[in-house]
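My plan is to start with the overall layout and then look at how the pieces pack.

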There are 2 protein chains.
Amino acid sequence: MGALKRNQTKYERQQKLIASLDENPFLTDEELAEMLGVSVPTIRLDRLELGIPELRVRTKEVAEQFYGKIRSLGTGELIGDLVDIEIGNRGVSVLEVRPDMVFGKTKILRGHYLFAQANSLAVALINAEVVLTGRAEVRFLKPVLLRDKVIAYAHVTNRKGSSYFIETNSRVGNTDVFKGKFTVIAKELNDL
Amino acid sequence: MGALKRNQTKYERQQKLIASLDENPFLTDEELAEMLGVSVPTIRLDRLELGIPELRVRTKEVAEQFYGKIRSLGTGELIGDLVDIEIGNRGVSVLEVRPDMVFGKTKILRGHYLFAQANSLAVALINAEVVLTGRAEVRFLKPVLLRDKVIAYAHVTNRKGSSYFIETNSRVGNTDVFKGKFTVIAKELNDL
DNA sequence: CTCGTATTATTACCAGGTATTAATTAAGAT
DNA sequence: ATCTTAATTAATACCTGGTAATAATACGAG
């Protein structure tokens, strides 16, 4: 079997290809060919073997993620998926940890996502035109990792006028990973 | 001069076109033509008049926004731009409020962005392989609005072993909008 | 030298366009 | 009823960045 040894092996080249597209998914086959010192057909064969789609598909995948994200943050105004809610009382939301939410090196979920999930769940519990967070006291108990599914539970513990006190508890499996106490304030649009 | 009045005027159609692409930027001219009941060339002329680029350009624009965003959250590992830092001591970061960060109705910055800015600044102050947030106590003092520029100041107030205590203060102009006290923990990769 | 893999080249085809020119349609004015 | 003019549709050549398939070539090991 003729395993060619040129400047680089096929394996090395394919690893470089993956790394290049990881760093910049908007590279054409022609650009990749030049970068890796091989012909365009070779790049195409490599992509085929590695199951990497063409530029336009890659671009669209990235765009759709973003579009899905800003819509769920913009319209739903919630981080995580609301799976159960009883307005004014309690609620549950689920957040699946995606690669763009973690620290590069450790694959640990960046803390503010846990905060955001709990905070937006707390806000969702209150039925008013505008609900703002006033204060929060939170504890990060255990690191959450890529692909973990975080379930946040929240319930209203007290109310004083337009201020609500909400406690949250986020878990991965049976482990508590985050606890929070939030004070949120309900306002009407005209008193801003 | 013959101003045609068919089912809809040119103006109406163009408004619908804008609305359609606003809701879903991934529509081809052919799909748009069918939706609006005109021919493909008409859609092209409309896009030309309105300065709307073709599908593949639109897709790429959306994708690049996302990519820019996840990279600034993923590699920089910081929300907001670090403008000044003295590792282990103090730092300053600036965050400009973009449309995707605010509540739709009120244009008020969603609270967790302020948290994220302060939290990631706090983490950036500590020089260790891995830095995790342990707890936080925060207060949201004033609503921050679209296009505001939030400047977060952080400084280390105390240290106990691998735990650091950091206080932050975020301002828009001369107004305090957010204050936080964070406990962050420095770890080495091997003790995870 | 020959076998087998890797690589490169070539060709036909596709989607979703740009850009241009020409033909057709519809409605108001005269 | 016909003229005028904007709006619309049609037709054509060309572009990028591919897919898919087939053939030609390079090269190293046995």
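Predicted model: local features only at pLDDT ≥ 70, side-chain atom pairs only at ≥ 80, totals over all residues.

**Entry 1: the layout.** I started by counting elements in chain A and got five helices and six strands. Next I wrote down the order from the N terminus, and chain A reads α-α-α-α-β-β-α-β-β-β-β.

**Entry 2: buried residues and contacts.** I looked up how much of chain A is tucked away: of its 192 residues, 30% count as buried. Then I checked the contacts in chain A between residues at least 6 apart in sequence, and 61% of them join residues at least 24 apart.

**Entry 3: H5 meets H5.** How do the axes of helix H5 of chain A and helix H5 of chain B cross? Both helices cover residues 111-125, their axes come within 9 Å, and I noted a crossing at roughly 160°. Angles over 145 degrees count as roughly antiparallel, so that is the label H5(A) and H5(B) get. I also jotted down that this crossing is right-handed.

Who touches whom here? On the chain A side I listed Gly111(A), His112(A), Phe115(A), Ala116(A) and Asn119(A), and they meet Gly111(B), His112(B), Phe115(B), Ala116(B) and Asn119(B) in H5(B). Sorted by class, the contact of H5(A) with H5(B) has four nonpolar and six polar residues, and no charged ones.

**Entry 4: the nonpolar cores.** I went looking for the largest nonpolar core and found 66 residues in it. Which members touch the most others? My list is Leu114(A), Ala122(A) and Val184(A), plus Leu114(B), Ala122(B) and Val184(B).

Ignoring its neighbours within four places in sequence, Leu114(A) is in contact with Leu109(A), Phe140(A), Val144(A), Val150(A), Ser170(A), Val177(A) and Phe178(A). There is also a second, separate core of five residues, which includes Ala63(A), Val62(B), Ala63(B) and Tyr67(B).

Entry 5: The crossing of H1(A) past H2(A) is right-handed.

For the contact itself, I wrote down Arg13(A), Lys16(A), Leu17(A) and Ser20(A) from H1(A), and Leu32(A), Met35(A) and Leu36(A) from H2(A). By class, the contact of H1(A) with H2(A) comes to four nonpolar residues, one polar and two charged.

Definitions and conventions
Residues numbered from 1 in each chain as written. Chains lettered and ligands numbered in written order. Helix = DSSP H or I, 4+ residues; strand = E, 2+ residues; numbered from the N terminus. Buried ≥ 20, exposed ≤ 12 C-beta atoms within 10 Å, placed from the backbone. Contact = placed C-beta atoms within 7 Å. Axes fitted to C-alpha atoms, helices over the stretch in contact; angles between N-to-C directions. Parallel < 35°, antiparallel > 145°, perpendicular 65-115°, else oblique. Left-handed = near helix turned anticlockwise from the far one by under 90°. Nonpolar A, V, L, I, M, F, W, Y, C, P; charged D, E, K, R; others polar. Core = buried A, V, L, I, M, F, W, Y, C linked by C-beta atoms within 7 Å.
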